[in-house]
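Please walk through the charged side chains of this model.

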Amino acid sequence: MSSQWLSKAFMKKICENPKIKLRSLIKKAHSKWNVDLTMTKAARVKQQALDEINGTYGEQYRRIHDYAAELLRPMIGLDGCFIKTPYGGQLLTAIGWDPNDQILPIAYAVVEAETKDSWIWFLLNLCDDLGVDKIRWWSDNRQSIVTYAREILPKINKKIEREFDKGGEWLAIYVGRDKYEVSSSQGNRAKFVVDLNLHECSCRKFQLTGYPCEHAMSCIRKMCLDVKNYTENDDVLPPVFRKPIGRPKLRRNKTGDEPRNNGPLSKLSRTGQQQKCSYCFALGHNKRTCPIKRKMEAVAKKAKKGAKKGAGTTRTPKPNKIPAKTTIEPATRLQPKRKSSTQV
């Protein structure tokens, strides 16, 4: 069975429990179809099913522009909750609501208590960071941008026209393979290299803005090309995976103030916390070092020893040893060997 078919067969099971273990998938395949899966194939089946459910990582990177466009919505929700730590406090959050009915965190803060002063401080900082005037302007112009018919937005179109006019001040020379050498027509010694195929210029403005700079515009004007073909935003791709040298680390690098307990089950330090005994319910010690419990155990031991000494010891008679029957076999007579005629 191929991994693609198995991923479709296990789709519902993995969708219900995305953290399902590989051994459970192996047992399910063996009991249902009598197929023995290896750990690598089971991992590949699970990853293909997760990619089908959640999408691949590459597709998620390509949706970053959509996420940025849908991050700020006209409605922002506020909420607070308790923090269950030894220091206490409350967590204030501001969240947004996207068209897919998903909650997106915008800002959060940790305060002492949920009071009017703490909410005022949180909202003032939120308005300073986001800009209330910008949010209102975005919400007012949202419908006009959604219903905009052209491919290039108005402000970007104005910037492109400005760069197109500046491109007339530069001279472009074709050097082969879609590359051009651009120099100033006003006697300036500045020179730049433009690659229209890769959407690059040595001034770096073409790569940063996403639309052609004045040097690239001079090349486009010379070759009578369409500017729209060079203003598309490329998809955001995930970073290149590089496998580090050596065995991978199982623990992260800790800072100087973190406890350095060894072992995978290392616990947090209890410094600063007061212990409470679960035997006598007193403070300052635990059940293992409780003095009252030790006294009770010592008294119980003495009582047990005294009970052993007071009780008499009864000896059980040993059974008589009966000798085992021995059978005496009759001794066999040894007859002398006859002498042969040769010996005589």
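The model is predicted: local features need pLDDT of at least 70 and side-chain atom pairs pLDDT 80 or more, while totals for chains, interfaces and linings use all residues. Residues are numbered from 1 along each chain as its sequence is written, and side-chain values use heavy atoms, without hydrogens and water.

Side chains of opposite charge can pair when their charged atoms come close. The whole structure holds 2 salt bridges (a side-chain nitrogen of Lys or Arg within 4 Å of a carboxyl oxygen of Asp or Glu). Lysine 191 forms a salt bridge with glutamate 181, with the closest N and O atoms 3.8 Å apart. This pair links strand 6 (residues 191-195), which holds lysine 191, to strand 5 (residues 179-184), which holds glutamate 181; strands are DSSP runs of E of at least two residues, and helices are runs of H or I of at least four, numbered from the N terminus. Glutamate 181 counts as partly exposed because its relative accessibility is 31%.

Lysine 205 and glutamate 163 also meet in a salt bridge, at 2.7 Å from N to O. Their positions are 42 residues apart, with lysine 205 in helix 10 (residues 205-209) and glutamate 163 in helix 9. Glutamate 163 is at 5% relative accessibility, so it counts as buried, whereas lysine 205, at 31%, counts as partly exposed.

Helix 9 (residues 154-166) also contains lysine 155, which counts as exposed because its relative accessibility is 60%.

Methods:
Buried means under 20% relative accessible area, exposed over 50%, partly exposed in between (1.4 Å probe, protein chains only).
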